[in-house]
Amino acid sequence: MQDTEQNNSNNRNDLSHLIEERHLKDDIIESIHDGLVVFNPDFSIQVINSQARTLLDFFNDSDHFFEDLNLFKNKKATLNFKLKDWLQQISRRIAKHPKEFFVWQRVDFEHPLKPLLLSAKPIVDDNQHITSILLMIYDRRLQAEADEKKRILSAALNSFDGQFITNDKGYITQPNMAFSAYTGLMQEELSTMSILAWMQKQLISKTSEEQILRALLEDGRWSGEVEVHPNEDTTFYAVLSLSMITDSHRNIECYVGTLQDITDIKQAQAEVEYLAFYDELTGLANRRLLLEHLEHNLLHHMRQRTFSALMFLDLDRFKNTNDTFGHTAGDELLKTTAHRLKEHLRAEDTISRLGGDEFVILTHMDAPSLEVATQHALTLSNKIMDALCEDYHIMDQTLKNSVSIGVCCFPLYQHETPEELIGFADMAMYESKKLGRNRVHFYDQTLSESIQNRHALERSLNSAVIEEEFEMFFQPQFNLNEELVSAEALVRWKHPTLGLVPPSEFIPIAEDGRQILKIGQFVIRESFLKAKDWNERFGLMNLSINISPIQFHETSFVASLRKMQEETGVSPELITLEITEGILISEMELALRKMAALVEMGYKFSIDDFGTGYSSLSYFQKLPIQEIKIDQSFVFRIPDSEEDIAIIDTILNLAKSKQLQIVAEGVETPEQVEFFKNTHESHHSKLLIQGFHFSKPLESDAFEERFFKA
């Protein structure tokens with residue numbers, strides 16, 4: 001009995017001991033942080049801890065353990081991984097060391113795949129028989145994230161942008177090659193340099209160091225544009241971005257910096273800004289910048305009760321330069337003009353080019369009165385004219401140039417706008433051109449009235465009935481024996497309310513608006529009819545007709561002249577077509593072909609205003625002309641002007657060499673008549689005189705009454 005009780009007691013102790021061992025074993029298995037699964041030789045589950053269940057998302061005790069797993073060999077989940085097949089392969093060959101395999105597990109489609117490391121090893125007894133198979137499962141999410149960050153950081157450090165990482169003290173410990181290339185500093189030197197030390201050494205920033213540090217401490221990041229100076233001879237622009245990396249307790253672990261070169265972007269921005277405010281050809285200010293400066297100056301002078309001046313410059317006959325020598329030469333002339341203006345003006349003056357050959361100068365002066373401002377502007381204008389009238393040596397050519405200047409001193413009325421001031425100076429410049437070019441004219445109120453009158457004439461001209469409002473006048477031309485030889489046909493506008501409008505007023509307006517084409521057709525028809533009529537009634541007499549450049553360059557000009565000839569029945573031998581040098585300089589080859597065709601038909605050509613063109617002698621030998629007219633500007637001052645006499649002598653000798661007829665227009669005094677009679681006897685048969693000394697232009701009936709019926 002006693003033995004039985006003792007045996008029972010021993011059995012209870014053994015059982016208790018086994019239970020304690022089992023509990024201890026379970027505690028040990030559960031205390032393992034990684035997943036653990038023990039399989040029987042038939043691959044049924046013997047033991048599985050909670051960590052394995054969590055990692056594998058396996059929470060039931062079904063027999064479908066392997067079927068329920070969604071494991072893949074790649075992150076894209078395109079290659080399945082069969083765990084049971086892999087374990088079977090391991091169990092066939094007993095090895096000392098476990099086999100490992102990296103897999104990705106999909107729990108569901110809403111969560112990313114989970115990276116797991118599997119490690120398996122067969123457990124054998126003393127006879128090398130497999131008693132179980134041990135599978136360890138390791139969560140590799142943190143390691144995968146770390147690897148990903150490492151790859152990203154490695155890629156960043158290998159980028160073309162400058163990158164660096166510091167230690168917790170801010171010393172640059174990991175610069176990439178791009179950062180060293182940008183800064184010219186190698187890792188050894190950078191490792192002894194903090195971020196602030198490097199910035200002080202090489203950077204210029206609009207943001208202070210205190211502001212940068214405050215942004216890092218408050219926001220953990222800062223970014224801004226900086227100017228980088230790796231050495232004295234090198235400068236580039238970049239965006240510097242700094243990030244402060246801290247742990248969960250806000251302890252600084254490191255700083256990460258990125259230096260991105262934006263020099264190309266800055267240059268592009270500078271070019272855009274330059275194009276917005278400066279003229280691309282000359283580098284001068286454009287209209288936009290001029291208006292800004294003018295608005296500022298206008299306000300300044302209104303507050304201070306001081307005065308300044310605005311000068312509008314236009315190069316005389318610039319189009320002739322373009323047409324004769326080409327646009328490249330014209331561009332060089334403009335650039336040289338800009339250079340000369342810069343040389344003769346102060347840095348504080350605004351020199352602008354509005355386009356074409358138009359320049360505007362905003363002078364920087366604080367004159368106490370309009371009178372003083374006017375005097376200063378006149379002095380400066382004369383200085384500019386002298387500078388711009390000097391010879392230009394361009395493309396192996398020596399070019400002469402002159403300039404017309406309009407000046408507006410301001411403020412005028414305390415309420416004018418910058419645009420109005422430019423318009424006033426422009427008006428004054430056009431008045432300068434009307435007065436003969438190469439001179440200075442100051443704006444006054446009468447110019448505004450003149451512009452208003454011009455607009456009124458434009459409106460009237462548009463509605464004018466050519467056949468009713470326009471009439472032909474004729475001015476005689478005499479030889480030196482004072483015998484009538486020919487006449488010039490001149491058109492006059494008899495305005496219904498304004499009366500007789502001089503050609504000098506309406507012809508430029510008609511040319512701008514192309515009404516000159518209708519007026520020109522009227523002049524040619526009436527002149528052809530009159531030439532035929534006078535020839536039949538009074539004998540052979542030549543009639544000269546002025547041809548507008550607008551009309552001459554019409555493609556149908558030759559055909560329309562032939563048609564008019566057929567309709568009127570005039571003989572072309574009675575007609576001289578007067579053209580200006582400007583017609584010939586513009587599209588010369590085409591002009592010469594038209595002239596040749598008309599000469600073959602019997603018409604004669606005369607060059608009007610000869611000697612006032614840009615480069616007369618350069619094309620003179622090519623022209624199929626029979627006559628040249630000495631411009632009245634050369635006749636006006638003789639016999640008192642030796643310079644004009646020399647010019648006339650040159651023209652007469654040139655005409656004699658080509659056996660051309662000469663017409664001296666604008667002869668108004670007996671002294672001028674005697675000059676031509678006494679000084680140029682060798683030209684008597686070829687020289688004609690036209691001017692008020694003999695007769696002003698007359699209507700047809702008055703002309704007949706005076707010269708044919710006397």
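In this predicted model, helix α28 spans residues 700-707 and has four buried residues: S700, F703, E704 and F707. These four cover an arc of only 95° around the axis, which puts them on the same side of α28. On the other side of the helix, D701 and E705 are exposed. The cover over the buried residues of α28 includes strands β20 (470-479), β21 (484-495) and β29 (698-699), together with helix α19.

Helix α19 (residues 516-538) also figures in the largest nonpolar core. That core has 76 residues, of which F470, I519 and F676 touch the most other members. Helix α19 supplies eight residues, the largest share of this core. Apart from neighbours within four places in sequence, F470 contacts L461, A464, V465, V491, R492, W493, F506, I519 and F522. In soluble globular proteins, nonpolar side chains tend to be buried together.

**The sheet with β1 to β6**

An open sheet of six strands has the order β2-β1-β6-β5-β4-β3, with antiparallel pairing. Its edge strands are β2 (45-48) and β3 (71-72), each of which pairs on one side only. Within the sheet, β1 (residues 35-39) and β6 (residues 130-139) are paired antiparallel over five bridges, and V37 stands opposite L135 in β6.

Helix α4 (residues 83-92) packs on this sheet, where it touches β1, β3, β4 (99-105), β5 (114-124) and β6. The direction of α4 makes about 35° with that of β5. Which residues of α4 are buried? They are L83, W86, L87, I90 and S91. Seen down the axis of α4, these buried residues fall within an arc of 135°, so they line one face of the helix. Their cover includes β1, β3, β4, β5 and β6, and also helix α3 (65-68).

**The sheet with β7 to β12**

Another open sheet of six strands runs in the order β8-β7-β12-β11-β10-β9, again with antiparallel pairing. Strands β8 (172-175) and β9 (203-205) are at the edges with a single partner strand each, so one side of each is left without a neighbour in the sheet. From one strand to the next, the twist averages 30°. Strand β7 (residues 162-166) is joined to β8 by three bridges and runs antiparallel to it; T166 stands opposite I172 in β8.

Helix α8 (residues 195-202) lies across β7, β8, β9, β10 (221-231), β11 (234-246) and β12 (252-261). Helix α8 runs at about 85° to β9.

**Strand β15 and its partners**

Strand β15 (residues 358-362) has the highest mean pLDDT among the elements of the protein chain, at 96. Four of the five residues of β15 are buried, so that the strand is mostly covered. Strand β13 (residues 308-315) is joined to β15 by five bridges in the antiparallel sense, with D314 opposite E358 in β15. Strand β14 (residues 350-355) is also joined to β15 by five bridges and runs antiparallel to it; here T350 stands opposite L362 in β15. Two residues lie between β14 and β15 in a hairpin, and G356 in the turn has a positive phi of about 55°.

| Strand pair | Bridges | Sense |
|---|---|---|
| β1 and β6 | five bridges | antiparallel |
| β7 and β8 | three bridges | antiparallel |
| β13 and β15 | five bridges | antiparallel |
| β14 and β15 | five bridges | antiparallel |

**L298 in helix α11**

L298 is found in helix α11 (residues 287-304). Is L298 buried or exposed? L298 is buried, with a relative accessible area of 5%. Beyond its neighbours within four places in sequence, L298 is in contact with F410, P411, E416, T417, P418 and L421. P418 is 120 residues from L298 in sequence, while the two are 7.6 Å apart in space, C-alpha to C-alpha.

**Confidence**

The protein chain averages a pLDDT of 86, and 90% of the residues score at least 70. Among its elements, helix α24 (residues 617-620) has the lowest mean pLDDT, 60.

Methods
Residues are numbered from 1 along each chain as its sequence is written. This is a predicted model: local features need pLDDT of at least 70, side-chain atom pairs count only at pLDDT 80 or more; totals for chains, interfaces and linings use all residues. Side-chain values use heavy atoms; hydrogens and water are left out. A nonpolar core is a set of buried Ala, Val, Leu, Ile, Met, Phe, Trp, Tyr and Cys residues joined through side-chain atoms within 4.5 Å. Buried means under 20% relative accessible area, exposed over 50%, partly exposed in between (1.4 Å probe, protein chains only). Contact means heavy atoms within 4.5 Å. pLDDT is the predictor's confidence in each residue, from 0 to 100. The arc is that of the directions from the helix axis to the C-beta atoms. Two strands pair if DSSP finds at least two bridges between them. Axes are lines fitted to C-alpha atoms, for helices over the stretch in contact, and angles run from 0 to 180 degrees between N-to-C directions.
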